[in-house]
Amino acid sequence: MLHHVSLGVSDLERAAAFYDAVLGVLGYVRVWSDATAVGYGQVAGEDRLAIKARGADAAPPGAGFHLAFAAPDRAAVLKFHAAALGHGGRCNGAPGLRPEYGPNYYAAFVVDPDGHRIEAVINARQP
């Protein structure tokens with residue numbers, strides 16, 4: 001349904017370092033960048049997330065909004081959480097099973113340096 005999502009950020013360099021780290025452990029990469037924005041997606045693919053410099057006008061969406069990124073496995077969810085905390089993010093839910101969402105729903109929730117709420121999740125049976 002969605003083609004891509006854009007997030008406004010106050011400091012593009014800081015945000016790009018954060019998203020390089022957290023998306024990199026999930027298998028996503030920068031697919032383009034310029035002086036005002038960075039796009040992320042799969043290798044040799046189109047962007048699915050763009051971060052755009054907005055300076056002091058950057059503001060996260062309100063309560064109830066978050067983005068969930070698909071993780072290849074539970075180990076990647078753990079790495080996502082650690083990378084986020086190591087690059088200026090805040091924990092908003094430690095890695096673990098979320099049985100209220102289903103028996104195999106394994107996720108971690110963080111808040112990026114600009115206040116955007118993001119998640120890494122795998123919803124599949126794991127050995």
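**Exercise 1.** Determine whether Arg-30 is buried, partly exposed or exposed.

*Solution.* Step one is the scale: buried means under 20% relative accessible area, exposed over 50%, and partly exposed in between (1.4 Å probe, protein chains only). Step two is the value: Arg-30 has a relative accessibility of 39% and therefore counts as partly exposed. The model is predicted: local features need pLDDT of at least 70, side-chain atom pairs count only at pLDDT 80 or more, and totals for chains, interfaces and linings use all residues. Residues are numbered from 1 along each chain as its sequence is written, and side-chain values use heavy atoms, without hydrogens and water.

**Exercise 2.** State which side chain meets that of Arg-30 in a salt bridge, and locate both residues.

*Solution.* A salt bridge requires a side-chain nitrogen of Lys or Arg within 4 Å of a carboxyl oxygen of Asp or Glu. The partner of Arg-30 is Asp-20, at 2.9 Å from N to O. Asp-20 lies in helix α1 and Arg-30 in strand β2 (residues 29-33), ten residues apart, so the pair links distant parts of the chain. Helices (H or I, at least four residues) and strands (E, at least two) are DSSP runs, numbered from the N terminus. Asp-20, at 32%, is likewise partly exposed.

**Exercise 3.** Compare the exposure of the two residues in the salt bridge of Arg-14 and Asp-114.

*Solution.* Their side chains meet at 3.2 Å, N to O. Arg-14 is partly exposed at 35%, whereas Asp-114 is buried at 15%.
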